[in-house]
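I opened my notebook to look up how parts of this model pack together. Here is the structure I worked from.

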Amino acid sequence: MITADLKRLGLQPGQRLLDIGCGSGRHTCEAYRLKGVVAVGADLNSTDLKQARERLEFHDRLGEHGGGCWCLSTADVRRLPFPDASFHAVICSEVMEHIPEHHRAADELVRVLKPGGHLVISVPRYFPERICWGLSREYHQANQGHVRIYRKKALIGMIEHTGLTLYRFHYAHSLHTPYWWLKCLVGPTRTDSTAVNLYHRFLTWDILHHPRLTRQLDRLLNPILGKSLVLYFRKPR
């Protein structure tokens with residue numbers, strides 16, 4: 001499930017992209033597909049990093065990459081182990097809502113970004129997320145915990161305060177929003193709900209096969225029901 005549109009970043013061969021909080025490597029693998037790009041995935045979770053490595057090695061075996069290279073690192077977004085201005089682009093997808101010290105994390109994202117580089121941040125959108133919190137007291141503690149709900153204006157203001165400029169935003173994954181509402185309604189940690197499991201099977205099928213009908217439906221509904229808010233910033237040269 002790809003949230004950020006990496007092709008819009010205009011990365012050139014040899015340039016470096018950091019996917020911080022990479023999880024199982026969805027955006028790291030997508031960056032590895034770009035021509036000649038150096039894709040760096042970083043996360044604190046060793047299990048997720050193992051899955052990311054397996055996915056990247058699978059792409060290597062199939063030759064499904066842009067001819068660049070990849071590496072993985074254990075890293076905390078609040079204390080990134082990279083020098084200043086190390087990356088031409090930084091992706092931070094569905095991470096900031098988990099971080100109590102989010103101002104410190106934002107400063108680190110900007111620090112490792114080169115002048116003229118792109119920062120892409122995605123977080124759960126306010127309206128769908130607020131409903132999830134309302135339906136379930138457990139929700140914000142499950143799935144590694146959500147410590148806050150962002151309003152778009154407040155998040156943009158926090159990042160622009162570091163000196164970056166917003167140049168684009170969009171919403172993503174509208175078809176996932178009802179799934180999370182349903183999951184919160186029955187209990188976010190339950191695994192025996194037939195309705196939730198059937199919806200999950202549908203989403204998995206959709207991600208694997210990318211049928212045109214659901215892609216069009218997702219784009220149509222994103223402005224209204226999009227689960228994620230995706231923000232694109234640029235650092236001054």
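I noted the ground rules next. This is a predicted model, where local features need pLDDT of at least 70, side-chain atom pairs count only at pLDDT 80 or more, and totals for chains, interfaces and linings use all residues. Residues are numbered from 1 along each chain as its sequence is written, and side-chain values use heavy atoms, with hydrogens and water left out.

**Helix pair.** I found α4 at residues 126-135 and α6 at residues 177-186 (helices are DSSP runs of H or I, at least four residues). Their axes, lines fitted to C-alpha atoms over the stretch in contact, come within 8 Å and cross at roughly 15°. The two helices are therefore roughly parallel (angles under 35 degrees). I listed F127, P128, I131, C132 and L135 in α4 as meeting T177, W180, W181, C184 and L185 in α6 (contact means heavy atoms within 4.5 Å).

**Core.** I looked up the largest nonpolar core and found 34 residues (buried Ala, Val, Leu, Ile, Met, Phe, Trp, Tyr and Cys joined through side-chain atoms within 4.5 Å; buried is under 20% relative accessible area, with a 1.4 Å probe and protein chains only). L18, I20 and M96 have the most contacts inside it. I20 touches, among others, A42, V77 and L109.

**Surface.** I checked A154, in helix α5. A154 counts as exposed at 51% relative accessibility (over 50%).

How values were computed
Axes are lines fitted to C-alpha atoms, for helices over the stretch in contact, and angles run from 0 to 180 degrees between N-to-C directions. Angles under 35 degrees count as roughly parallel, over 145 as roughly antiparallel, 65 to 115 as roughly perpendicular and the rest as oblique. Lists of a residue's contacts leave out its neighbours within four places in sequence.
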